Amino acid sequence: MQMLSFLDTFTAFPLAELEVGKHFYWEIGNLKLHGQVFITSWIVITILLVASILATRNIQRVPQGIQNVMEYALEFVRDIAKNQLGEKEYRPWLPFIGTLFLFIFVSNWSGALIPWRLIHLPEGELAAPTSDINTTVALALLTSLAYFYAGFSKRGLGYFSKYVEPTPILLPIAILEDFTKPLSLSFRLFGNILADELVVAVLVLLVPLFVPIPVMLLGLFTSAIQALVFSTLAGAYIHEALEGHGGDDHGEH
Amino acid sequence: MFDFDATLPLMAIQFLLLMVLLNALFFKPLMKALDDRDSYIRSNQADAQERLANAERLAKQYEDELAASRREAQAIVANAQNEAQQIAAQRLAAAQQEAQAQREQAQRELDQQKAEAMQSLEQQVETLSRQILDKVLGSSVG
């Protein structure tokens with residue numbers, strides 16, 4: 001009992017609190033939406049669009065300022081797509097993979113850098129959009145759709161041959177793969193980002209000053225890595241569907 | 001924590017919209033800018049290489065011309081030296097000839113004058129000897 005009351009004084013401390021699993025619901029008709037996810041995702045989308053417009057408003061041959069930054073970002077995502085898909089195939093898939101990376105990256109870093117929790121909502125709290133399972137599953141399912149689309153548009157119904165290609169014995173595993181891919185993609189991203197936010201929140205709860213900083217820096221690092229991993233794996237899956245040599249998984253991170 | 005609802009499809013649609021917008025606002029224009037810059041740099045580089053080759057060719061040509069004209073100049077100098085030596089030799093020979101001729105003429109004149117002197121002396125020898133004879137023998141003969 002002594003211990004519990006001790007904890008109670010901590011939770012009464014107003015600097016930080018943990019609210020996992022509570023959502024700020026919006027209702028449209030009889031649909032329920034997680035309002036806090038949409039608010040932060042709109043902010044992320046606004047950041048991306050404003051940066052893009054500023055960068056491309058006045059394109060110079062010798063890039064300066066924001067154009068330089070965005071060109072660096074573009075070259076970065078282009079290298080991701082090029083490394084996975086190859087020089088010939090990457091162009092049509094660059095917007096998808098690049099948008100995946102930029103959206104996830106800016107979402108993750110917004111969760112780590114913007115003090116969302118200072119803005120109070122009636123229920124739930126603002127956090128990175130990628131710390132909500134709906135967002136990550138949506139992105140993972142889009143990735144699945146993208147690689148199915150890539151396979152069908154490239155090879156038509158011959159795409160199905162990859163399920164029985166080395167040997168039909170592996171057919172169940174090949175089918176299972178189509179389910180594990182989005183599952184692992186979405187849960188990896190969701191788990192990493194949510195865990196990072198929880199660790200930071202718990203540490204802030206315990207020691208509000210200085211101690212959480214190394215964990216926050218680690219959070220920045222893992223956030224960036226997760227964005228890179230998600231977009232790289234999306235590129236790898238699309239490449240696999242285009243090339244059609246099944247079973248060549250690029251490893252789970 | 002794992003409560004799926006309408007957030008999922010709406011988020012997917014939102015992401016697709018973002019992709020379309022970013023494609024129009026970000027990927028296309030900046031990729032075009034990168035491609036344009038690449039082709040600009042490539043054409044400039046080709047141009048510069050061509051110019052460099054041209055300059056090297058010109059330099060080589062000029063060097064060749066320079067060597068040729070240097071050889072020519074040396075030839076001209078050698079020629080002129082040759083001619084000068086020839087002229088000098090000619091002049092020397094002519095001068096020597098002339099000197100020889102003058103000496104011979106002087107010798108001839110000398111000889112002639114000597115002969116004339118001898119001749120006039122010979123004429124005078126007779127009269128003188130007669131006079132001497134007269135003086136010596138005059139008294140006895142006379």
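Before the first stop, some terms: axes are lines fitted to C-alpha atoms, for helices over the stretch in contact, with angles running from 0 to 180 degrees between N-to-C directions. Helices (H or I, at least four residues) and strands (E, at least two) are DSSP runs, numbered from the N terminus. This is a predicted model, where local features need pLDDT of at least 70, side-chain atom pairs count only at pLDDT 80 or more, and totals for chains, interfaces and linings use all residues. Residues are numbered from 1 along each chain as its sequence is written, while chains are lettered from A and ligands numbered from 1 in the order in which they are written.

**Stop one: a helix pair.** Select residues 133-155 (α4) and 212-243 (α6) of chain A: they pack at about 25°, axes 8 Å apart. That makes α4(A) and α6(A) roughly parallel (angles under 35 degrees). Now show A:T143, A:A146 and A:Y147, among the α4(A) residues that meet α6(A) residues including A:A234 and A:Y237 (contact: C-beta atoms, placed from the backbone, within 7 Å).

**Stop two: the core.** Pick A:I97, A:L100, A:F101, A:F103 and A:F230, which touch the most other members of the 56-residue largest nonpolar core. Such a core is a set of buried Ala, Val, Leu, Ile, Met, Phe, Trp, Tyr and Cys residues joined through C-beta atoms within 7 Å; buried takes 20 or more other C-beta atoms within 10 Å. α3(A) gives the most, 19 residues. Centre on A:I97, and you'll find A:V77, A:I80 and A:S231 among its contacts.

**Stop three: the interface.** Colour by chain: 34 residues of chain A contact 26 of chain B.

Technical notes. Parallel < 35°, antiparallel > 145°, perpendicular 65-115°, else oblique. Contact = placed C-beta atoms within 7 Å. Buried ≥ 20, exposed ≤ 12 C-beta atoms within 10 Å, placed from the backbone. Lists of a residue's contacts leave out its neighbours within four places in sequence.
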